[in-house]
Amino acid sequence: MLVEAARTAINAGTPDSARQIANDMARRLLRPVINGTGTLLHTNLGRAPMGWEQAEQYSNLEFDLTTGERGSRMDTAPALIAQVCGAEAAIVVNNCAAAVLLALASLAEDKGVVVSRGELVEIGGGFRVPDVMARSGARLIEVGTTNRTRLADFKRAIDKHGEDAALVLQVHQSNYKIVGFTEAPRTAELATLNRPLVADIGSGLVDSRCSWLDGGPPGWLDNEPAARQTLEAGADLVTFSGDKLFGGPQAGIIAGRADLVAACSAHPLARALRPGALVLGALQATALAYLNRDGDAIPFWRMASLSQDELRSRAQEIGVGIVVDVASTPGGGTLPEVEIPSAGVAVEGDQRSALRNHRHPIIARVIDGRTIIDLRTVHPDDDSEIAAAVTSGSG
Ligand SMILES: *Cc1c(COP(=O)(O)O)cnc(C)c1O
């Protein structure tokens, strides 16, 4: 790499820039950063933080230790996740976009899928429902209007297309809201349509009762759809991300009716989209935390549950800059407009570049001419790094 840096510098006619080029190369390597933005699921910072170590050893990834026969990787974490969601079965793929792609390809290839025009969404990074639909080989049958769609619109489309309308898809409008003169059928109504119903809830809230939190569901969860309740309401499958409100590694989960999950598993795309032992191990640890009702073991939920008072006293103890009240956000394209009262440290001016260049990079926000580090998204072990960086950065 150093030779490469030297060559680049010499070719550019500026040999002295070699050191800078080498340093920049090193800084582009994947590394831990301190998230001072207050955005809990920061897409640029890897969404949910997740610690997972796997020993340098073989695993029983596809080996059943009880029978000594070949096993299935979907009997590990996916089976536990099904239990967490109250689903008959589940399978795990690379991300939620892949989950939707696989569900559509498996259940509606060369067939029509009925979707409300109000739910033909784009979710950050180019996940567009009509595009994913096209790639899956399913045909879009759009019904209703942008702001109002009724059950009768779905019924009419199913009457008209008959057997060709093979599936109904409901998509959560994760990252935006249509307010005012609006109407959309509920999951329970769509479940009466006599077609398999796939609900892409995206966010990965597994159960609206939040039994893994001592205080029950936090107020900011609003009416976020949850996997268990969406299935109870009659959805045949739900799809969601592993690294949003689920709080695990990047993954996509398809959970629900066993026969439909089996159809997804049998599709050739399932193999192309399947995760390996590293991801399944991290998902298993997260699922076990849910089953133990131990929200503190899931970094996202631990950070989301911190009280503003706790964060204020940490800011005080850091002892640099001034203590300020700020608002954290869930992020990750979930819960738009939701704010969680938080606290942090503020210093004058725009210090973002100095903080980013600290030995342990700190990502901060600038609000009203001050640099703000929101402590909700900072691990307490890193508070001392913040003190050190702010002291050296602002002189
Ligand atoms: C976030 C989201 C997706 C995409 O999920 P990825 O895991 O990023 O692929 C799809 N659908 C909905 C409703 C979402 O919220």
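Predicted model: local features only at pLDDT ≥ 70, side-chain atom pairs only at ≥ 80, totals over all residues.
Figure 1. An oxygen atom of the ligand lies 2.8 Å from a polar side-chain atom of K244. At C96, a polar backbone atom is 2.9 Å from an oxygen atom of the ligand. The residues around the ligand, each with a heavy atom within 4 Å of it, include R47, N95, A97, F127, H172 and S241.

**Figure 2. Helix 4 against helix 5.** Helices are DSSP runs (H or I, at least four residues) numbered from the N terminus. The axes, which are lines fitted to C-alpha atoms over the stretch in contact, with angles from 0 to 180 degrees between N-to-C directions, come within 8 Å for helix 4 (residues 96-108) and helix 5 (residues 129-136) and cross at roughly 45°. Helix 4 is therefore oblique to helix 5; angles under 35 degrees count as roughly parallel, over 145 as roughly antiparallel, 65 to 115 as roughly perpendicular and the rest as oblique. A97, V100, L101, L104 and A105 of helix 4 meet V132, M133, R135 and S136 of helix 5, where contact means heavy atoms within 4.5 Å. By class, this contact of helix 4 with helix 5 has 7 nonpolar, 1 polar and 1 charged residues. Ala, Val, Leu, Ile, Met, Phe, Trp, Tyr, Cys and Pro count as nonpolar, Asp, Glu, Lys and Arg as charged, and the others, Gly among them, as polar.

**Figure 3. Helix 4 against helix 9.** The axes of helix 4 and helix 9 (residues 258-266) come within 9 Å and cross at roughly 100°, which makes helix 4 roughly perpendicular to helix 9. L102, A103, S106 and L107 of helix 4 contact L260, A263 and C264 of helix 9.

**Figure 4. Helix 3 against helix 11.** Helix 3 (residues 77-85) and helix 11 (residues 277-291) have axes that come within 9 Å and cross at roughly 30°; the two are therefore roughly parallel to each other. The contact has 11 nonpolar, 2 polar and no charged residues.

**Notes.** Residues are numbered from 1 along each chain as its sequence is written, and side-chain values use heavy atoms, with hydrogens and water left out. Local features need pLDDT of at least 70, side-chain atom pairs count only at pLDDT 80 or more, and totals for chains, interfaces and linings use all residues.

Conventions. Polar contact = N/O pair within 3.5 Å; in protein donor to acceptor, adjacent residues only side chain to side chain.
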